[in-house]
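Me: I'd like to go through this model with you. Can we start with the sequence and structure?
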Amino acid sequence: MSRSKEVSEDLRKTVIDAHQSRKGYKTICKDLGLHQSTVRQIVYKWRKFKTTVTLPRSGRPTKISPRTNRKIIKEVTKNPRVISKDLQATLALAIVSVHDYQKKTEEEDVYDSTTEPRAELYQPSVARIKTDTAMNAQKGGLVIFTANSNPSCMALAKRISERLGVVLGKVQVYQEANRETRVQIQESVRGKDVFIIQTVSKDVNTAIMEFLIMVYACKTSCARSIIGVIPYFPYSKQCKMRKRGSIVSKLVASMMCKAGLNHLITMDLHQKEIQGFFNIPVDNLRASPFLLQYIQEEVSVTKMFQQTFIKQAEAAHNTAQNRKHETADREDNDYLNCRLNNSGFRAQSFAERLRLGIAVIHGEAQDAESDLVDGRHSPPTVKNVGAIHPSLDIPFVIPKEKPPITVVGDVGGRIAIIVDDIIDDVDSFLAAADTLKERGAYKIYVMATHGILSCDAPRLIEESAINEVVVTNTIPHEIQKLQCPKIKTVDISMILSEAIRRIHNGESMSYLFRNIGVDD
Amino acid sequence: MPNIVIFSGSSHHDLSQKVADRLGLELGKVVTKKFSNQETCVEIGESVRGEDVYIVQSGCGEINDNLMELLIMINACKIASSYRVTAVIPCFPYARQDKKDKGTRVPNVPFLSQNVNHYELGNVYPSCRSEPKQPPALPWHESNWKAAVQEGKGRAPISAKLVANMLSVAGADHIITMDLHASQIQGFFDIAVDNLYAEPAVIQWIKENIPEWKNGIIVSPDAGGAKRVTSIADRLNVEFALIHKERKKANEVDRMVLVGDVKDRVAILVDDMADTCGTVCHAADKLLSAGATKVYAILTHGIFSGPAISRINNAAFEAVVVTNTIPQEEKMKQCPKIQVIDISMILAEAIRRTHNGESVSYLFSHVPL
């Protein structure tokens, strides 16, 4: 039952008078319209305290009035580090002693011990206020480092820091005379969120070592959390067990986790399964919105209907680098999808979002790789029948033969856009472009997220039938651009800076993934 | 019963071949190459299932590349079901970044052994740290690293611990190394580490190649190496001396003080590694000016980076002797004073004894044939 208004003092007096004139409780209740327990309580109190006046509550009376109390709270919230003398000066009205308002702030439960500076510990009068802001520069903040020693690799980090309005952290990363890497952090990272941006370019192993040493340095300097931003994740192509090789992505992932990394942001991982190699959270951002925007703006949508092409890049790509590849079965290539092929999904999602058609490029240059098979793959290929014991009834499997490059789909008179995630060794792209040109494509664009473009790729692209190669700035390629003007860059620092901001503030990242299909 | 299989990394193929020859084995087939994007690719060419694998790779040359290659090779053997993987790392990389110091090198208080009563003590000063200078305003470039190291406000990681973690994560079960810069690095590992000594080989070389060794004097170029030098001196039954230096800047020596008497004797400088050779060359000058007849320098790891070779050529050494933990053919062509001690037999013997489960402590005082 909720508390109703208290009985007025006159009424109480009347009750007592009636009681003194020897009236019964029931009579008083009926006369005055009160509950009988109220009457009883009034009489009891009168008997005990000999008065009907409302008595004050028990406890020591407060020295500070509520108004002064509110004023103190307001002053201290404005400036949590104010000293009592200053506070006294501003509150000229109330003359409070030191202990009073310390207790007041205690009562009001506005503690925050981390804002108290060490030097003032012995002054009993520093107000402690709980601060409520998310990005509090005093408590812990945001520091962005780049662990590259190469200045061209630091360009992306500079852009990201400009977008965030944060200055890049001071750190020295250099190679000593005996080629050992040395990292020295020049500012405090204690209790802060450290973001380490690492661009992997030519010297892959050195970049990995620089990053690991930097992470470990932050860990031993008590950073609150260490988040790595590695747009192009190295060794992502060596993610399967081949013959007696090593799964280097797993090794690199274990090393990063062991060095002390808490979170990883990367872009367009070659295989999404690499996320599973880590036991820390991995954010695999996508560059496709930027590439799509480039297509929509730059590639002129003429009256003619355009088509996008799937590149069976993995097959060609892998043989060029002498690896075992997994290829689709023959019958699947007649449809628009290559089931085992990464690029197939990517091109399909691009085509859906642009509302264009798809064609498939199938087959690769002939390459003698069958002698490197060691029987680890099923079905096993048999080199010579004599090795099998005649009594064993193992069926003889014919090794698959690859046809020369063909294009499935009509490309006549259309603009062809080849989509892939990494463009490194351009032989397969050149072969595909030649075939497309033969079949009648009038313009050929190549879109790739990571443009490694090693060896003499720029020269080959310049001489080929490709019109433009569009890559993002995850990997620095200024030199290649100078050699070949067909190479264009799309800036993706925006999404990386947005990801950094959201992770630091603890906000949701789903906005960055809103238009991404499940296959991209 | 597992067999020994020895694989060689690309850093020091020559040493691995010698080790394999001493054990009477062929080197294991392995293909190490780099893709066009400079990623390392390792493929083991023979079966290692159930075998005792030893991977010989030294921390020299392009250290980061060689280290990655070693890790990838260890990992490959591990997931190819080998019985045990041992990494033989004659020169351990990042061994000098083994403590959280701030960049300025603080000279140690000199270690005084019992013999020191015979020498003058008047020149021994307590170490004093020099004031850090302002930070350089130039962009961080390799040439600025010397200036940068002075500042002393860096938060440096313990890279040796990181390397130890990486080796464990890759799957190594055992490490064999030689003359670690600080033997505390053994404690960074959770797995077994064998720290072999080049000392017996050095002593044998001294006895064979320096004719007046009985009248010689072993000198340590800095106070930290005194322990090493005293043990050699005791073995050879000769005297020892010590050079104490104060450094104002890294790799630039300020003032050197000789503790001991080298007049009319053959001085033999002993140290564990020589990187830019600043210390060693200054020490040689000091010894010659103090009256030594000849100066030999014996170093376990001859890294010789930067201006080292020209400094040695200009200094007045009789010979600079290093072990072949780091390949030296190129340097020997540039500088005729460099001679090499072969330590492949120590490694081979260690591998054999580890494989058979025998004691390795014989190697700490004797050189196997």
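Me: Where does A:Arg70 lie?
Reply: A:Arg70 sits in helix α4 (residues 66–78) of chain A; helices (H or I, at least four residues) and strands (E, at least two) are DSSP runs, numbered from the N terminus. This is a predicted model, where local features need pLDDT of at least 70, side-chain atom pairs count only at pLDDT 80 or more, and totals for chains, interfaces and linings use all residues. Residues are numbered from 1 along each chain as its sequence is written, chains are lettered from A and ligands numbered from 1 in the order in which they are written, and side-chain values use heavy atoms, leaving out hydrogens and water.

Me: Is A:Arg70 buried or exposed?
Reply: Exposed, with a relative accessible area of 59%. Buried means under 20%, exposed over 50%, partly exposed in between (1.4 Å probe, protein chains only).

Me: Switching to chain B, what does B:Asp271 form a salt bridge with?
Reply: B:Arg228, with the closest N and O atoms 3.4 Å apart. The pair links distant parts of the chain, B:Asp271 being in strand β11 and B:Arg228 in helix α6, 43 residues apart. A salt bridge here is a side-chain nitrogen of Lys or Arg within 4 Å of a carboxyl oxygen of Asp or Glu.

Me: And how accessible are B:Asp271 and B:Arg228?
Reply: B:Asp271 is buried at 10%, while B:Arg228 is partly exposed at 24%.

Me: Why is strand β11 of chain B called largely enclosed?
Reply: Because nine of the nine residues of β11(B), residues 266–274, are buried.

Me: How many salt bridges over all chains?
Reply: The structure holds 29.
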